Amino acid sequence: MEQTDKISFNAALRQISLKKLALISIIAFIILIIIDIIFDYGEDLFFDLWLLSIFLYFIYKLKGSIGIKYNFKEIFTFNNQKEIWFVVVTNLLFAFGVIALMSLIEIYFSDFGSADQLALQGNSINTFLYEALSSVIIAPVIEELLFRGVLFNRLSLKIKVIPAIIISSIIFASLHQFGGITSAFLFGVCMCIIYYKTDNIFLTMTVHFLNNLFCVFIDLFDYSSFFAEPLVYPVLIISVIGALLLIIYIVKNLIFINRNK
């Protein structure tokens, strides 16, 4: 039988050093700062170039690995599809529940009085497309590779799995806006659960992609009326049901992981 030195994509991902990745990120950051001082190309482009440098490092470390096609096919199996859509829907409902609750607090306890502030401000089509590309394509790939593929993997080698899930999810959530930290934390926990159970980063990328895609699609419309009286009440009730299902999913899987680690 022919021998091969190639390893699986998942095994190669687990071998990426967090320290080396951090070092590469810092070096790239410093180089881009110097280039930005010279050419002044703007904050958004600077951040995207920094993410691109990190992505190129992943490509370098993962080149030659095998099993990517199999991992991709796993996305479309019935059980994985069921879990993907369940996590996407319940996480979105939880996020809507947070907005609805904040809206009720405004209605009853402040003079601002309405959820009109939730409506999007008009943006140019170019700005929207740029932000959509960054949120729907770049973020799911880079964030999953970083936070689940490397951070969670490395933490789980040094500490127990559940603390690794919590710590990596806290760090993931801390990089999001204040109002969405709780939602981002629970989303991060779900991503760790799926990744731990399947050892397939493409599944978490798919969930992340769908979640952000729906958020971008929703942002195309003025949804403020859903968070003003009287619609805010049924929205909150539906969101609470979704949130309860999400919590049950997380607790059930954390118990399973704790028993089978």
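Me: Leaving aside neighbours within four places in sequence, which residues is N10 in contact with?
Reply: The model is predicted. N10 is found in helix α1, which covers residues 9–14. When neighbours within four places in sequence are set aside, the contacts of N10 are N71, D199, N200 and I201.

Me: Is N10 buried or exposed?
Reply: A residue counts as buried when its relative accessible area is under 20%. The relative accessibility of N10 is 9%, so N10 counts as buried.

Me: How far from a polar atom of the N10 side chain does the backbone oxygen of D199 lie?
Reply: D199 is among the contacts of N10. A polar atom of the N10 side chain and the backbone oxygen of D199 are separated by 3.0 Å.

Me: Which residue forms a salt bridge with D199?
Reply: Side chains of opposite charge can pair when their charged atoms come close. In the salt bridge of D199, the closest N and O atoms are 2.7 Å apart. The partner of D199 is R14.

Me: How many residues apart in sequence are the parts that R14 and D199 tie together?
Reply: R14 belongs to helix α1, whereas D199 sits in the loop between α8 and α9. Because of these positions, the pair ties together parts whose separation in sequence is 185 residues.

Me: What is the relative accessibility of R14, and what is the relative accessible area of D199?
Reply: R14 counts as partly exposed, and D199 is partly exposed as well. The value for R14 is 33%, and the value for D199 is 26%.

Me: How many salt bridges does the structure hold?
Reply: One of them joins R14 and D199. Another is formed by the side chains of E83 and K197, at 2.8 Å from N to O. R148 also forms one, with E144, where the closest N and O atoms are 2.7 Å apart. The number of salt bridges in the structure is 3.

Me: Which helices hold E83 and K197?
Reply: The two residues lie in parts that are 114 residues apart in sequence, and the pair ties these parts together. E83 is buried, with a relative accessible area of 16%, while K197 counts as partly exposed at 34%. E83 lies in helix α5, and K197 lies in helix α8.

Me: Which helix holds both R148 and E144?
Reply: R148 and E144 are 4 residues apart, about one turn of the helix. R148 is buried, its relative accessible area being 0%, and E144 counts as buried at 0% relative accessibility. Both residues lie in helix α6.

Me: With which side chain does the side chain of N153 make a polar contact?
Reply: N153 lies in helix α6 and counts as buried, at 7% relative accessibility. Not counting residues up to four places away in sequence, N153 touches R14, R148 and Y195. The polar contact of its side chain, at 2.8 Å, is with the side chain of Y195.

Me: How far apart in space are N153 and L18, C-alpha to C-alpha?
Reply: These two residues are 135 residues apart in sequence. In space, the distance from C-alpha to C-alpha is 9.3 Å.

Me: Which residues touch the most other members of the largest nonpolar core?
Reply: In soluble globular proteins, nonpolar side chains tend to be buried together. The largest nonpolar core here has 50 residues. Those touching the most other members are L13, F58, V207 and I250.

Me: Which helix supplies the largest share of this core?
Reply: Helices that each supply at least two residues of this core include α1, α3, α5 and α10. The largest share amounts to 10 residues, and it comes from α8.

Me: How many helices and strands does the secondary structure come to?
Reply: Read along the sequence, the pattern is α-α-α-α-α-α-α-α-α-α. The secondary structure therefore comes to 10 helices and 0 strands.

Me: What percentage of the residues of the protein count as buried?
Reply: The protein has 261 residues. It exposes about 15500 Å², of which carbon and sulfur atoms supply 70%. The share of residues that count as buried is 38%.

Definitions and conventions:
Residues numbered from 1 in each chain as written. Predicted model: local features only at pLDDT ≥ 70, side-chain atom pairs only at ≥ 80, totals over all residues. Heavy atoms only, no water. Buried < 20%, exposed > 50% of the residue type's maximum accessible area, 1.4 Å probe, protein only. Polar contact = N/O pair within 3.5 Å; in protein donor to acceptor, adjacent residues only side chain to side chain. Contact = heavy atoms within 4.5 Å. Core = buried A, V, L, I, M, F, W, Y, C linked by side-chain atoms within 4.5 Å. Areas by Shrake-Rupley, 256 points an atom, 1.4 Å probe, with all protein chains shown as cover. Salt bridge = Lys/Arg side-chain N within 4 Å of Asp/Glu carboxyl O.
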